[in-house]
Amino acid sequence: MARIPSDELQRLKSEISVERLVAERVKLEKRGQDLAGRCPFHEGDNEPSLVVTPAKNLWHCFGCGAGGDVIEWVRRTEGVSFRHAVELLREGKAGGGEVVKVGTVRKLPPPVSLDADDEELLRQVVDYYHRALLEEPEALAYATKKRGLSREAIEHFKLGFSNRTLGLRLPQNNRVDGAAVRTRLMKLGVLRESGHEHLRGSLVVPILGEAGAVRGMYGRKIQEHLRAGTPLHLYLPGPHRGVFNADGLKGNRDVVLCESLIDALTFWSAGIKNVTTSYGVEGFTGEMLAALKKHGVERVVIAYDRDDAGDRAATELSERLKEGGFAVARALFPRHMDANEYALKVTPATKSLRLVIERAWFEGKPSTEVTTSPAHEPARAAKEEAPSTPLAAKPPARADDVLHGLRVDVKGDGDEVVMTAGDRCFRARGIKKNLSHEVLRINLMVQRDESFYVDTLDLYAARQRTAFLQQAARELGLDVEVLRRDLGRVLLVLEERNEAAIKDTLEPAAAEATVMTNDERAEALALLQDKNLIGRILEDFERCGVVGEQTNKLVGFLAAVSRRLEDPLAIVVQSTSAAGKSALMEAVLAFIPQEEKVKYSAMTGQSLFYMGGTDLKHKVLAIVEEEGAERASYALKLLQSEGELTIASTGKDPQTGKLITHEYKVEGPVMIFLTTTAIEIDEELLNRCIVLTVDEDRAQTRAIHAIQRRRQTLEGLLAKEERNAVVRLHQNAQRLVQPLLVANPFAEKLTFLDDKTRTRRDHMKYLTLIRTIALVHQHQRTIKTVQHRGQVLEYLEATLDDVALANVLCHDVLGRSLDELPPQTRKLLVLLDEMVKRQCAEHQLERTELRFTRRDALMASGFSLTQLRVHLERLVELELVLVHRGLRGQSFVYELVWDGDGAEKVPRLPGLLDVEALGGSGMTQRWRGLLGSWRGDGGAKAGGWRGDGAPPVVDDKPRSDAKTPLIPLPRRATPYRNGTSHLHEDAAE
């Protein structure tokens, strides 16, 4: 709907007297400063209840509650709509008479003759719309200011505005004449079946034929903020008819062909009268082609929009026109601009549009000069003939290319471009810093002989360009118009460079395929065919400087290989700070080819959703610290479970500018590799991953110190070079591991723990681990085939060796992950148990009688104070350790109530079927021997406590006798059970 301007409404409300309008229907009497009369809107108003306030130009009835301004009075008395009431007031047609509930007789004269034929009827509608445009300030401002159309063009082409008042002036359907004329207007497309105007709220451009006959109409909405789905561009229903500005084709050998009527009107307003238009990118009709031939046109300059759709349509149309015998050229606007937008930004339009036409790219045979003057006098032809390459396929600028009449030389990495035109040389720097289509800020120097001028400016800013031209012209002693022409060419060259720079920056670079030599391929294949492949992998980890951690290294490596499967594993490495979790991750990632891994230090919540569609497919996604991906945990969980991510987001349509929904999709599967120092991790993420804990024992620390010292020796320096060769070998081997289907012939006989629901996911981890082990050995197995639904599928089978190795690994990693205690908390519990047993035996006490302090626990465990506080608090929360009040002030002591059940040092996952039952004798022992002592690589956890409440406060002062943690037993002690850090008040008496 066309909006009535607010200033117009205020004018009507203030200038038209409500007293005069009311007095035409009601007898008013003076009552103080107001006037009173009998209200016409309700019956029985014997005492005057209608009050008119002239000072405010308002009226109100105290009887029925009606009231308002002059518009409301006319709306109620005439029985019309708000819009109709406004029109009556505009025309001065609101007057006396009887009050009606619904008015059906129009008081406004009809804008068309009810007995006119269809052609005359359309002409009268165009005249009415034209008068409406001249009377609507908002619509007129849209045409002249926002679109830059001249008043001459508005008058010449009878431009109009559909303000929804046509229907208000036509007789209603309940009148014979009204029904007839409305039916005819519906048939012509002016009205819709609902009775609304088809082009309402639009600037209307009629397509006029010879003798002024209306062949069609185009409407462009003047309001941008409309309901979703409302089209901005409308034509009358039916096929496109007529040729816009057919008079502009007569007597001209050259014609400018635009994409839209607004663009054609822009050229006409700028003085280029030999212009016509298609009706959109697909709207060039046979009637237009016939008109070009009829009037003897020889060359057509296609001035379509400079976007993807416009480029495609221009290329196709140029071929069609060349086949029709026309020479063709393409007018080049800046990217994503049309003629109207360009004319508004590059002023004055009379010069900028002529320059665009003069520099049009030739796409067909050479032709005569382009006529651009109002009197159709021949203008200058383009002095330099441009290449015949179509715009959509134009190659990028190279050194010594001739583009837009300039000789172009690209320096260095492409951020400096030198352009020469005659005796003038331009040098532009800083192009790559511009990553937007709205800004082209550069450092530009122009030189002529010994004179030069240099400045930094935005070439898209008209004021800065003007200042540059004026100053440079004075410095170089040149005519400003010569430099203006040169600068326009420089702008086009740099715009193309900028477009290429934006594309290179925003589009992900394609990964370069790594080509292996024959020797490298043979060496990698020999590794994969080694019968002791698992042993070789562990040995090579040692050669790369990763000592110990046999299980962790192998599980991490196998998880990385599982990226080739459709449901890969995920890894979380837990440890305290500086324990070596990052070193473990780096060691595993080093064996993975660079093109098959993506590593980040942190990720935002939405970053995963907007990655390239296949950027992560069958790759390893490594995040150095889990807290850095806390916001992205939801996306990580979805990616691991669903194998893909999808998100719907709103954005602007580059063609229409309307908000539309874009769908972004990131394909998996992807292997996720995380490290963390936290004890508490998102449970939903944790149960999707295999948790590895770094060995933090003293022996491991000694081994790390030894290898760190060895690296400083000559032997260590040479080993570093050897490490590079080992890493390169394994990366090449990984490139030879192909994604294959893996069948497990023993799957139905295998068993797994089923006492918890989370084992449903752990069971799949176990089965995936078996498949991964088989996949690693694919070059030692027979690749089998099977036909299914007309396709031949390749697969390999898992062996008992694969199951046995998976069992050994699962006992360690899954046996610990199913424990309710983190590994380092379990370690503290075992150490406290050993201390209590030792002290009880030494002092002949019962376990319930022994109390120990935090310092005693520190000395027995070797933990740091921070570690001890965190893990001891966890034991207190689980009621494995009780807190009692000590004898000295606020000191506290502890009692170990755990009886040592399940304290075996070897983690075990109950419920796994031993491979010996399947005929695999001795396999488990062989794998255990290869991995070393079957011991968990547990590690302490550090960082802030994430539980509820703070750890209990204890007395940490030194003791003279730390070896004798004997404290007299209180008469009655109450366990620490309330989940806080404070003691029960009656903990000691």
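Helix α1 (residues 6–15) and helix α4 (residues 82–91) pack at an angle of about 60°, their axes being 11 Å apart. That makes α1 oblique to α4 (under 35 degrees is roughly parallel, over 145 roughly antiparallel, 65 to 115 roughly perpendicular, and the rest oblique). The contact (heavy atoms within 4.5 Å) is made by Glu8, Leu9 and Leu12 of α1 with Phe82, Val86, Leu89 and Arg90 of α4.

A word on the basis: this is a predicted model, where local features need pLDDT of at least 70, side-chain atom pairs count only at pLDDT 80 or more, and totals for chains, interfaces and linings use all residues. Residues are numbered from 1 along each chain as its sequence is written, and side-chain values use heavy atoms, leaving out hydrogens and water.

Now to the salt bridges (a side-chain nitrogen of Lys or Arg within 4 Å of a carboxyl oxygen of Asp or Glu). The count comes to 39; here are three of them.

| Glu358 | Arg485 | 3.1 Å |

Asp423 sits in the loop between β17 and β18, and Arg448 in strand β19 (residues 441–448), 25 residues apart. At 37% relative accessibility, Asp423 counts as partly exposed, and Arg448 is also partly exposed, at 22%. Glu358, by contrast, counts as buried at 15% relative accessibility (buried means under 20% relative accessible area, exposed over 50%, partly exposed in between, with a 1.4 Å probe and protein chains only).

Note on methods. Axes fitted to C-alpha atoms, helices over the stretch in contact; angles between N-to-C directions. Helix = DSSP H or I, 4+ residues; strand = E, 2+ residues; numbered from the N terminus.
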